[in-house]
Amino acid sequence: MRTFYDEITKIAGNVVTVKAQGIAYDDLAVITTGHSTSLAQVIRMEDDQVSLQIFGGTEGVSTGDKIRFLGHSFKVPFGDALLGRVFDGSGRPRDGRPEVKAKGVEIGSPAVNPVKRSVPSKMIHTRIPMIDIFNTLVGSQKLPIFSVAGEPYNDVLARVGMQADAEVIILGGMGLRHDDYLTFRNRFDEAGVQGRTIMFVHTAADPVVECLLIPDLALAVGEQYALQGKNVLVLLSDMTSFSDALKEIAITMEQVPSNRGYPGDLYTQLARRYEKAVDFDGAGSMTLLACVTMPGDDVTHPVPDNTGYITEGQLYLRNGRIEPFGSLSRLKQLVNDKTRDDHQAIMNACIQLYAQCEESREKREMGFELAEWDMRLLKYGDLFEEKIMDLNLNIPLFDALDKCWEILAECFEPEETRIRDAIIQKHWRHKSHQPKPEAQVETVKS
Amino acid sequence: MKGRIKAVFGNMVVAQTKDRVVKNAVGYCVRSDGIKLLCETIRVRGDSVDLQIFEETRGLRVGDTVEFHEEMLSAVLGPGLLGQIYDGLQNPLPRLAEKAGFFLEPGNYMHALDTERTWDWTPKVKAGDVVQAADTLGSVPESIFEHNIMVPFGWEGQYQVQSVAESGSYAVVNEIATLTDASGNAHAVTMEQTWPVKRPLCVAKRRLLPTKPLVTSVRIVDSMFPIVQGGTYCIPGPFGAGKTVLQQITSRHAHVDIVIITACGERAGEVVDTIREFPKLQDPRTGRTLMERTIIICNTSAMPVAARDASVYTGMTLAEYYRQIGLNVLLLADSTSRWAQAMREISGRLEEIPGEEAFPAYLESRIANFYERAGVIELRDKRLASATIGGTVSPAGGNFDEPVTQATLKVVGAFHGLSRSRSDARRYPAIDPLESWSKYVGIIDPKKVARMNKILRRGDEIRQMMTVVGEEGTPTEDFTIMLKAEFFDSAYLQQNAFDDVDAATSVDRQRFVFAKILEIAETDFAFKHKDEARHTLQKIGSMFLNLNYARWDESVVPEADRQDEPTDKTAVEDDKAAERGNFKEILGQIDEYIQSLLDNAKKSQAEDEVEQVTV
Ligand SMILES: Nc1ncnc2c1ncn2[C@@H]1O[C@H](COP(=O)(O)OP(=O)(O)O)[C@@H](O)[C@H]1O
Ligand SMILES: [Mg+2]
C-alpha cells in the first residue's frame, strides 16, 4: 500500500485535507514541509478526502507537501526511561536529551469497566487545613483548581503535588508560560522528586494544536504505571488552554458551536480525560489534579462549568485563599469519618458559622446595628481566616482540628455551634483552658 | 443486507448500499481486523445511510463492510435482570470484566441474561387456554418476587395454549410453552423476550391517575414536595449541589419494589459506590440485600456517546417490563442533560438545523415522550402496577432558564430545584423550599403543609426586608417568625444523608415531628427582645437536631395511627449507637422546655398587668 500522498486539496485553520485511500480513522501521519515536519491525525474521512489535524500548525504548508501515513494511531513510548524527562506535545524530548527507545502504548485507551474500579478509600494528606479538613483529597480523585488568571494556582498545584506521597508524578503543561515551566522544574528539583517525575509540556510559544495531545500523553503513561500497581499523581495545567484548542479545531471543521463557540461535545471530550483517574481493583491508582483558569472570573463559563460537572469537586482559588464556599471534595465522606470522630462535625459547623459571619459582615458594611451575636460571629470570622484559611499553613490534620475547637470555644457557647452533644462533650475546650477534671486527678496520682 | 463505508466523522459513519435498510435498525461496521462495531441507522438519503456507532470509530476505513440487520435496538427481558449491572446496550459489565479485564474494548458484546442459570418454573395455564400478549403463562421466583413469564408483548390477537412445560428447572432459553395463532401456526415461547427500547412498553387495560405517595424517606420531599407512584419528577441543580446524593439515598430508602438506576453520562465512581455498597446493605422491608431489588444501567461519561442515548431507554424498558409483572418500579436517571447532550452531538454530526444552544429541534418532544412512559396501569387481571421516573438535570451554568430544564419542567409532576446558595451553606438536601413545587399530595395534610409554607415565605420576606432596614428596624414579632422559619429549615428540611438514622425518616416519624414543629412555630412565646428569641430558638433547634439523630420510638404514636411497617430493629448495626440519645427522653426535654417558656411568658404577662394596675 502506498504511504506517501501529496495531493493536498484544502488547507484551512489547522486542518489539511489530502486525497488518499485505505487510511484508518484516528491514524497518525507526518507532514513534511519546506522547513519542518509535523505530526498529524486523521479527524475526518469522506471518500478519498482525508482531513488531518496538523499538530505543528499549518503555517507554511503548501499544496505540494508530502504526507506519510504511519498506519497506526498515536503511541507514546513507555518505560522507566521516561522518569526525569521532559517531552513536548508530540512526544519529542524537549530537554535536549535523546529520544526514548521503548515500546509504544496507544493513547486514548477505552473506558475502564466500572466493575474493575475500587471505591477510593485513602486520604491524601496535604497539610493544608482548607484541603485536609474541609475538602479532603482522596486517592484516585479528579479535582480541579478553579482560578482567576493572577492567582498562584501553579504554586498550589506544585505544592500539593510534592507533598502527596505519589510514586510517580506526571505533569501535563498546556499553554504554560516558559517561566512557569521552569518554576515547576525547579520546585520538583528542590523537593527531590525530579527522579520520579515525567513532564509533557506545551508552552504558549508552541503551536496551539500540540497542546491537544498533552493530557492524553500524560494520562496514557500514568495509566500504564497504575496498571503496574503504582500510585500515580497527574497534574494538568491549564485545562482552559486545552479546551480553547478544541474550540479552534471545531470551528475549523465548521461544527455548530453550542455555547460561546465551544463545541457541543466539550463535556464528552473533557470527561474522557478526567475519567482516566481511577483506583484499579487489583492494581494501582491515578489521581488527577488540574488547573482551570476561569475567563473573567466566571464559573458559568463553559470550561469551568463542564469541568465542575465532571470532576469530584473543585477548589476555588481567590484572593490567595481556597474559598470555603463553593470549594468541595465530593469524596471526602469516604475518608473523613475514619480520621477522627469530630472531623465531620467541625467541617460542617465551621463553614455554617463562617457563612453566618459573612452575613454579619454585610450588615456591618450596610451600617446596621450589630447584635452581640453578630460581634461574636465577626470575631470568629477573623480568627478562622487567620488560623485556618491561610494557604501558607503547613500543619497536620489533627492539629488543625484542635485549632478549630479553640476558635469555637473562644467565640461561642457549645449549643450555638449546632454540633451534637456527644461530640461537644468529648471535644469542647473550656474558655479558660483549665485542665479537664480527669487530667487533674492523674497529676495528683503521679 | 450489506454496504460499504463511505465516510467517517467522529462516531458517525456514512455507508453506501443498494440493499433494503430499516431506519433505527441496528447493524455492524466490520473493522479490517474483524472486530464488529454495533451501530444504528439514523437517516437514509438515497443510497446513503447515516449510522451512529455505539463505539469508538478508531481504525475504521473507507470501504469497510457494513452489515444491516432488521431488528431495532432492543432490550432482553426475562428473569435474572435484578441485581445486574449493565452498560447502556445491556452488556453485563461483571461478565465483560471476567472476559476482557480492566477495559471496555470496542466490539465486545455479551448476552444480557445468563443462559445457563436455571429457574423454578410453575405453569399457570393449561393446554387449551386462550391467551393474548402480556398474559401470564407461569412464573419463577426471582429475589422476593414472583416473576411472571408472559406471552410476548408484541404478539397480536389471541392464541391457544397448545402445550406448556411441567413444573421444574429451566433456563431462560428453554421452551416453556407452545402457542397457536388464529391461523393454526405454532409459536414457541421461552422465558426471555425482546422489546425495542425506544418504543413504550405498556400492555394494560387502562392508565390511572397516580395518587399514591411514593415515600422516599427524605423529609423535604415526602412532607413538602411529594412524589407519587407512577408520577414523574425532576431534580435540576448546578454541579455539586447534591443531585446524585439525593438519588442515591432515594435508591436506598424509597418504598418501591424495584429501583432501576441509570447512570447516564456521569462519573463512573458514583456507580462503583452503589455496586460495592448495595450487595452489603440490607433492605429493612424485605430483609434481603438492596442489590436484589436493583438494576444498574451504567453508561458513564467516558463511555461512547451514542450508547449514552440508548441507556435511558434501556433503563425505561426494564422498568416497564417489571411493571407488566405487576410491581412498582422507580427509574432514576442521572443525568438527563447528558442524554440531551448526546442527542445534540448526534444531531450536530447529522448537520441538522440547530435550535437553542445547538440542541436539536426535537429535544422537547423527546423529553416529553420519555416522561410519558411513566404511569400507573391496571393490568388485564386488575392488578395495579406503576413506573415512576425521577431525572436529574444539569443545566449549563446552573441556570434553569435553559432548554433541557425548561422542556422537563413542562412535563413533570414535581420539581425539586437545588440551589447553589443552599449547597454552599451546606444546607442539604439543597432543595430550595421556596422555588420547588409538586402537583401531588403526599403524606402530610396539605393544609398543614400550607401553614408551614406560609411561615417559610414570611420568614424569607422578613429576612430580605432586614437587609434593607437592619435588625433594629425589624419588630421582634417579625424577627421571631424569621427565626422560626430558620428553625424549621435546620431541624426538619435539612437532613444528613451520611448518618444511618437521619438519612431516612419513616412516614410516622415525619408526621409526628412535622406536627410538633408546626405547633412550636405557631406558638406565641411573647419574646421581650430579639436576643431572647434568638437564644431560645437556637436552643430548641439544637434539641431537635439531637432528636433527629435518635432512633425512632414508635410508641410515641398510638398504635391505631401507625402506618409504618414494623422493622426488625435487632438487625441494625450502628457504630454510633452509644452517641445517640433516646428519642423519648429528648422529646421529654423539649416538651418540658417549651412548657417552661410558656409558663414564663404567662408569668411575665401577669406581672406586666399587675404593674399596669399599680401605676
Ligand atoms: N444530603 C446531603 N448530605 C450531606 N452532604 C451532601 C448531601 N448532598 C450532597 N452532599 C455533598 O455534596 C457533594 C456533591 O453532591 P452530588 O450529589 O455529587 O452533586 P451533583 O450530583 O449535584 O453534582 C457530595 O459529595 C456531598 O459531599
Ligand atoms: Mg451528580
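Helix H3 of chain B gives the largest share of the shell around ligand 1, 3 residues. The model is a predicted one, in which local features need pLDDT of at least 70 and side-chain atom pairs count only at pLDDT 80 or more, while totals for chains, interfaces and linings use all residues. Residues are numbered from 1 along each chain as its sequence is written, chains are lettered from A and ligands numbered from 1 in the order in which they are written, and side-chain values use heavy atoms, with hydrogens and water left out.

In total, 16 residues surround ligand 1 (a heavy atom within 4 Å), and A:Arg330, B:Gly240, B:Lys243, B:Thr244 and B:Val245 are the closest. Because these surrounding residues come from chains A and B, the site is shared between chains.

Polar contacts are pairs of N or O atoms within 3.5 Å; within protein, one atom must be able to donate a hydrogen and the other to accept it, and residues adjacent in sequence count only if both atoms are side-chain atoms. Oxygen atoms of ligand 1 lie 2.7 Å from a backbone N or O atom of B:Gly240, 3.0 Å from a polar backbone atom of B:Gly242 and 3.3 Å from a polar side-chain atom of B:Tyr428. The protein covers 94% of the 560 Å² of accessible area (Shrake-Rupley method, 1.4 Å probe) that ligand 1 has on its own.

At the start of H6(B), a side-chain oxygen of B:Ser335 comes within 3.1 Å of the backbone nitrogen of B:Ser337.

Terms used. Helices (H or I, at least four residues) and strands (E, at least two) are DSSP runs, numbered from the N terminus.
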